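Have a look first, then read on.

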Amino acid sequence: MSDVSLPGETLPAVHGGAREARTPLLLLAVLAPVLLATCVFTPAGRLNWVLETGPGLIGIAVLAGTFRRFPLSRWVYVCVFLHVLVLTYGAYYTYALTPLGHWARDTFHLTRNPYDRLGHLAQGFFPAFIVREVLLRRTPLRPGGWVSFLTGAVCLAIGASYELFEWWAALLLDPAGGDAFLGTQGDIWDAQWDMFLCLCGAVLALTFFTRAHTRSLERLLAREAA
């Protein structure tokens, strides 16, 4: 099943019901104890945990608030689940001190803990499917160049906006807290790398996984029609 199987006009509205709620509720049931445990026992401090996981928590709240009138495909809900796990792991230790990043640094002889690079790659990869689905369902645009271009542009804007948020948050924190939150690890080009990797994540998502996303979206429309 390919992208072109979607109709050429604005897609029909879908309403959130019990059947569509099963997958996001199951994922939330798995995620909730993880969030609670990491928040309570984080060695990096709860303020840092809140700052790092905040975007994910806000995203979950928005998806829950709009579910009944605008449920998303199951593919998107799984992507949100995975993205929040990436954020939570980084928040628990701080990105510069994650054991997984230390392992990668030592194994591949890197100069820094690379987990924050992975986090910003995910910042573009997973939200790309949300942006793409909103464009396909709320505009007359169909799968193709313009949808891909706009999806990448929005993801890059998200990455740039997050860098501004990090800057402002760091200015309000004490120096130690600000350094832990920014996680630059001495790299003067850290913000530029973060935005670039966010764009790379969106490009990877659009290049390799649009058909999987489209199939999930088509199943959502088929269930609504049934």
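## Two loop residues with positive phi

Thr94 sits in the loop that links α3 (74–93) to α4 (99–107); helices here are DSSP runs of H or I with at least four residues, strands are E runs of at least two, and both are numbered from the N terminus. Its phi is near 75°, a positive value in a residue other than glycine. Most residues other than glycine have a negative phi, and most peptide bonds are trans. Is Thr94 buried or exposed? With a relative accessible area of 7%, Thr94 is buried (buried is under 20% relative accessible area, exposed is over 50% and partly exposed is in between, using a 1.4 Å probe and protein chains only).

His109 belongs to the loop between α4 and α5. Its phi is also positive, about 55°, although His109 is not a glycine. His109 is exposed, at 70% relative accessible area.

## Ground rules

This is a predicted model, in which local features need pLDDT of at least 70 and side-chain atom pairs count only at pLDDT 80 or more, while totals for chains, interfaces and linings use all residues. Residues are numbered from 1 along each chain as its sequence is written, and side-chain values use heavy atoms, with hydrogens and water left out.

## The bend in α2

Helix α2 covers residues 46–65. Where does α2 bend? The bend is at Thr53, by about 50°, and a proline, Pro55, follows within four residues; the bend at a residue is the angle between axes fitted to the seven residues ending there and the seven starting there.

Buried residues of α2 include Trp49, Leu51, Glu52, Thr53 and Gly54. Val50, also found in α2, counts as partly exposed because its relative accessibility is 44%. The C-alpha atoms of Val50 and Thr88 are 9.5 Å from each other, and the two residues are 38 apart along the chain.

## How α5 packs

Two packed helices are described by the angle between their axes and the distance between the axes. Axes are lines fitted to C-alpha atoms, for helices over the stretch in contact, and angles run from 0 to 180 degrees between N-to-C directions. For α5 and helix α8 (residues 190–208), the angle is about 45° and the axes are 7 Å apart. That makes α5 oblique to α8 (under 35 degrees is roughly parallel, over 145 roughly antiparallel, 65 to 115 roughly perpendicular and the rest oblique). By class, their contact has 12 nonpolar, four polar and five charged residues (Ala, Val, Leu, Ile, Met, Phe, Trp, Tyr, Cys and Pro count as nonpolar, Asp, Glu, Lys and Arg as charged, and the others, Gly among them, as polar).

Helix α5 (residues 115–138) also packs with helix α9 (residues 210–225), at an angle of about 50° and with axes 11 Å apart. That makes α5 oblique to α9. In this contact (heavy atoms within 4.5 Å), Phe129, Arg132, Glu133, Leu136 and Arg137 of α5 meet Thr210, His213, Thr214, Leu217 and Leu220 of α9. These residues divide into four nonpolar, three polar and three charged.

Thr151 has its place in helix α6 (residues 145–172). Thr151 is buried, with a relative accessible area of 0%. Which residues is Thr151 in contact with, leaving aside its neighbours within four places in sequence? They are Ala128, Val131, Arg132, Leu135 and Leu206.
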